[in-house]
Amino acid sequence: MRSITTLDLQYAHRFYGFKGEAQYLHGHTGVLTIEVEDTVEPSVNMVFPCNEIQKTAWNVLKNFDHALILREDDPLLPAILKVYEEQGIRDGAPTNKMKGPTFKTELANAYPECRLVVTKETMTVEGMIKIVYELLKDKLNIVKLTFTSGVNAASAEFETKNKIDRCPLCGIALNENGVCPKCGYKKQ
Ligand SMILES: [Zn+2]
Ligand SMILES: [Zn+2]
């Protein structure tokens with residue numbers, strides 16, 4: 001069965017080199033739907049608690065929220081970094097607190113200190129699904145991702161790979177020692 005949850009991400013981007021209005025910098029509220037598949041954990045009668053899926057995903061994806069997402073070859077990138085540098089906000093600001101751990105994958109590098117994500121490919125809804133899957137595939141048994149942004153939407157299905165042991169008392173993933181980080185249950 002599946003547990004399904006959604007997250008909102010507000011971001012700015014543009015399609016560099018695209019012949020249409022999207023070549024200009026603009027913003028969206030994107031909605032990401034994450035579907036996680038596994039057996040139903042009998043004692044809690046759920047696949048996975050949705051708030052825990054959100055927490056796991058948000059820890060990484062908050063780097064995309066209120067962020068600027070630019071392709072690595074976009075000339076806006078050095079221009080914007082120059083302005084941030086001159087303003088003294090390139091390496092952080094006291095009010096920038098919503099920072100996830102920085103990440104670097106084949107498809108995207110996060111610079112949480114200045115709310116910037118640099119991507120290899122144009123950040124379309126399809127591109128976002130590829131990036132999100134890469135970031136979360138080892139943490140959640142993702143079977144489907146859907147991303148909608150304005151009139152655009154894309155979805156992709158995946159084969160689940162992980163054997164994730166769950167706590168019989170609260171349903172969340174046990175850590176590498178077989179201990180529930182929430183209630184302390186230990187796998188026998
Ligand atoms: Zn757009
Ligand atoms: Zn527990």
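Author: The expected span of a helix is 1.5 Å times one less than its number of residues. Helices (H or I, at least four residues) and strands (E, at least two) are DSSP runs, numbered from the N terminus. This is a predicted model, in which local features need pLDDT of at least 70, side-chain atom pairs count only at pLDDT 80 or more, and totals for chains, interfaces and linings use all residues. Residues are numbered from 1 along each chain as its sequence is written, while chains are lettered from A and ligands numbered from 1 in the order in which they are written.

Reader: How do you know that the span of helix 2 agrees with its 12 residues?

Author: At 1.5 Å a residue, helix 2 should span 16 Å, and its end C-alpha atoms are 16 Å apart, so the two values agree. Just after helix 2, Gly88 has a positive phi of about 75 degrees.

Reader: Why is Arg115 called buried?

Author: Arg115 has 24 other C-beta atoms within 10 Å, and the cut-off is 20 or more, so Arg115 is buried. Arg115 is found in the loop between strand 4 (108-111) and strand 5 (116-119), and its phi is positive, about 50 degrees, although it is not a glycine.

Reader: Is His66 called buried, exposed or partly exposed, and why?

Author: His66 has 14 other C-beta atoms within 10 Å, so it is partly exposed. His66 lies in the loop between helix 1 (50-61) and strand 3 (67-71), with phi near 55 degrees, a positive value in a residue other than glycine. Most residues other than glycine have a negative phi.

Reader: Which residues is Gly100 in contact with, leaving aside its neighbours within four places in sequence?

Author: Contact requires C-beta atoms, placed from the backbone, within 7 Å. On that basis Gly100 is in contact with Asn59, Val60, Lys62, Asn63 and Pro112. Gly100 counts as partly exposed because it has 16 C-beta neighbours inside 10 Å.

Reader: How do you know that strand 1 and strand 2 pair?

Author: Two strands pair if DSSP finds at least two bridges between them. Strand 1 (residues 2-13) and strand 2 (residues 26-37) have 12 bridges in the antiparallel sense, so they pair. Tyr11 stands opposite His28 in strand 2.

Terms used: A residue is buried if 20 or more other C-beta atoms lie within 10 Å of its own, exposed if 12 or fewer, and partly exposed in between; C-beta atoms are placed from the backbone. Two residues are in contact if their C-beta atoms, placed from the backbone, lie within 7 Å.
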